[in-house]
Amino acid sequence: MTHLVIVGGGLAAGSAAETLRAEGFDGDVTIVAAEQHPPYQRPPLSKGYLAGKEGADAVILHPAEWYADNGIGLRTGTVATALDPAAHRLELAGGESLGYDAVLLATGASPRRLPISGADLPGVHTLRRIEDSDALHAELKDGGRRLVMIGSGWIGLEVAATAREFGNEVTVLERDPVPLAAALGAELGNVFARMHREHGVDLRLSVGVEAIAGDGRATVVVVDGETVPADLVLVGVGAVPNIELAEAAGLDIQNGILVDASLRTSAPDVFAAGDVANAYHPVIQRHLRSEHWANALNAGPVAARAMLGQHVVFDDIPYFYTDQYDLGMELSGYAPLMSQAQLVIRGDLEGREFIAFWVDGGRVVGGMNVNVWDVNETVQALIRSGEPVDAGALADPSVSLESL
Ligand code: FAD
C-alpha cells in the first residue's frame with residue numbers, strides 16, 4: 001500500500017491531507033505534527049482569537065475525529081527528527097521510523113529571536129502558537145497593562161490594535177523610520193503609523209533596542225540608553241523557516257527549502273510547501289518564499305497533487321490580508337517586483353479608503369485595497385494580465401477597473 005507522509009501541523013499540512021483524500025487517494029496517509037493540536041491556521045491568533053471573539057473552532061481546520069473518519073493517521077505531539085531521502089524513511093522522536101513513498105515537508109516557520117540580553121526573560125513573549133495567543137490574551141484582556149512591542153510588522157501591529165481595544169497602554173519600538181516599510185514602502189507604511197497613533201499607540205521610530213532587563217517584578221526595555229517600563233514585552237521581528245530537517249537531509253536550501261514550480265525539492269519524492277518553501281514562480285521566473293495564509297492554503301493542495309503524480313504548477317499571485325481596528329486590507333502582488341515599482345493611489349489615502357497599485361514598466365505588479373471590498377479578484381486579474389495600463393486611468397475612480 002502506498003504511504004504518503006506529511007510533516008507539519010499547520011495550514012499547508014492540513015490542506016494537503018484534505019486534498020489527498022478529496023483526490024480519491026485511498027492509500028495510507030500520516031501527518032507528523034510537533035504541536036499537540038490537529039492542524040490549525042494562525043491568523044486569528046493575533047486577531048479574533050486573541051481578542052476572545054473567536055474560539056478554537058475558528059483556528060483548528062478539522063477536529064481530531066475528522067482525521068480518524070478519513071483514515072488519516074494524525075500523530076500530534078510528534079517531532080520528525082531525521083529524513084533519509086535515499087531510503088525513503090522518516091525518523092521520529094522516540095526512535096520510531098516511518099517508511100514513505102512520498103513525503104511533504106510543511107514545517108513552517110518560527111519567530112526570529114532577538115540577539116540581545118533579556119530576550120528569554122519571563123514576561124517576554126513571541127506569537128506563533130495557540131498557547132502564545134492564550135498567554136497574551138490572559139495578560140491583556142483586563143486592560144491597564146503596559147505592553148511594549150519590539151518590531152512593527154504585521155503581527156505586532158495586529159496585537160497592538162487588539163491590546164488597545166482591551167484598554168492597555170501600548171508602546172511600539174521600531175528600528176526603521178516607518179513601520180512596514182519593507183512590505184509597503186514609506187507612503188503606505190505611514191498610513192498605518194498615523195492610524196496607530198490616532199488610536200493612542202506610542203509609536204517610536206528609528207530607535208535601537210539594546211536589551212531587556214528584569215528582576216522578576218519589573219521589566220524594562222533599554223532603548224538608545226533610555227529605559228521603557230513594561231508589564232509584558234512582545235518581540236515581533238519576523239520569522240525564520242524551519243529548515244533543520246531538510247538541511248540535515250542534504251536538500252537544497254536557500255532562504256527556505258528550494259522547490260520547483262511543482263513544489264518538488266532537490267530530493268526524489270520529497271516535497272515542500274507553505275512558509276518553509278522557497279518556490280520557483282513560473283510567472284515572474286524567480287523563487288518566492290511567501291509567509292502568508294493563502295500560500296499555505298493553496299500550495300498544500302498543489303503539493304498533494306504532485307505527490308500523487310499529477311502534473312501541477314503553483315502559480316498563485318501571493319495574497320495577504322490584515323485587520324487592525326476598523327481597517328481591513330487585502331494585498332496581492334509579487335514582492336520582488338513591487339519594491340522598485342511606482343505607486344499609484346485610487347481613492348482617499350488620508351481617509352483610509354483606497355486602492356494602491358504598484359506599477360512596474362507600465363504593468364501592475366501589486367495591488368492593495370484598504371477598506372474597499374470586492375475588488376481583489378479584479379486587482380489580481382490586472383496583475384495576471386501583464387498588459388500595460390494607463391496610470392492616470394488607474395488612479396481615476398470614475399474609470400472602472402474592469403475596463404482597464
Ligand atoms: P505553520 O503554520 O508554521 O505550521 C508548521 C507546523 O509544523 C508547526 O506546527 C510546527 O510545529 C510543525 N513542525 C515543524 N517542524 C516539525 C518537525 N520536525 N516535526 C513535526 N512537526 C514540525 N498570514 C496572512 O496572510 N494573513 C494574516 O493575517 C496572518 N496572520 C498571522 C498571525 C499570526 C499570529 C501568525 C503567526 C501568522 C500569521 N499569518 C498570516 C501567516 C500564516 O499564518 C502562515 O503563513 C501560515 O501559518 C503558514 O502555514 P504553514 O503550514 O506553512 O506553517
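The questions and answers that follow concern confidence, the ligand shell, the strands and several individual residues.

Q: What makes this a model to be read with stated confidence limits?
A: The model is predicted, and local features need pLDDT of at least 70, side-chain atom pairs count only at pLDDT 80 or more, and totals for chains, interfaces and linings use all residues. Residues are numbered from 1 along each chain as its sequence is written.

Q: What is the mean pLDDT of the protein, and what percentage of its residues reach 70 or more?
A: pLDDT is the predictor's confidence in each residue, from 0 to 100. The protein has a mean of 96, and 100% of its residues reach 70 or more. For the complex, the predictor gives an ipTM of 0.99 and a pTM of 0.97. Where pLDDT is low, predicted coordinates should not be read in detail.

Q: Which of the residues around the ligand come nearest?
A: A residue is near a molecule or strand if its C-beta atom, placed from the backbone, lies within 6 Å of it. There are 36 residues around the ligand, and Gly10, Ala34, Arg42, Gly108 and Gly274 come nearest. Two or more shell residues come from each of α1 (11-22), β2 (28-33), α8 (293-307) and β22 (319-324). These elements are DSSP runs numbered from the N terminus: helices are H or I with at least four residues, and strands are E with at least two.

Q: How many residues of each class does the shell around the ligand have?
A: Ala, Val, Leu, Ile, Met, Phe, Trp, Tyr, Cys and Pro count as nonpolar, Asp, Glu, Lys and Arg as charged, and the others, Gly among them, as polar. On that basis the shell has 21 nonpolar, ten polar and five charged residues.

Q: Why is the ligand said to lie between domain 1 and domain 2?
A: Domain 1 (3-110 + 239-307) and domain 2 (124-235) both give residues to the shell around the ligand, so the ligand lies between them. The domain bounds come from an automatic or database domain assignment.

Q: What makes β13 and β15 edge strands?
A: Two strands pair if DSSP finds at least two bridges between them. The open sheet of three strands has the order β13-β14-β15, with antiparallel pairing. Both β13 (209-214) and β15 (226-230) pair on one side only, as edge strands do. From one strand to the next, the twist averages 25 degrees; axes are lines fitted to C-alpha atoms, for helices over the stretch in contact, and angles run from 0 to 180 degrees between N-to-C directions.

Q: How do you know that β13 and β14 pair?
A: Five bridges link β13 to β14 (residues 219-223) in the antiparallel sense, against a requirement of at least two. Gly214 stands opposite Thr219 in β14.

Q: In which sense do β1 and β2 pair, parallel or antiparallel?
A: β1 and β2 pair in the parallel sense over five bridges, and His3 has Asp28 in β2 as its bridge partner.

Q: Why is β1 called mostly covered?
A: A residue is buried if 20 or more other C-beta atoms lie within 10 Å of its own, exposed if 12 or fewer, and partly exposed in between, with C-beta atoms placed from the backbone. Four of the five residues of β1 (residues 3-7) are buried.

Q: Why is Tyr319 called partly exposed?
A: Tyr319, which lies in strand β22, has 19 other C-beta atoms within 10 Å and is therefore partly exposed. Tyr319 belongs to the uncovered face of β22 with Tyr321 and Asp323, whereas Phe320, Thr322 and Gln324 form the covered face. In a regular strand the side chains alternate between the two faces of the sheet.

Q: What is the phi of Asp269, and where is Asp269 found?
A: The phi of Asp269 is positive, near 65 degrees. Asp269 is found in the loop between β18 (257-259) and β19 (270-272). Asp269 has 15 C-beta neighbours inside 10 Å, so it counts as partly exposed.
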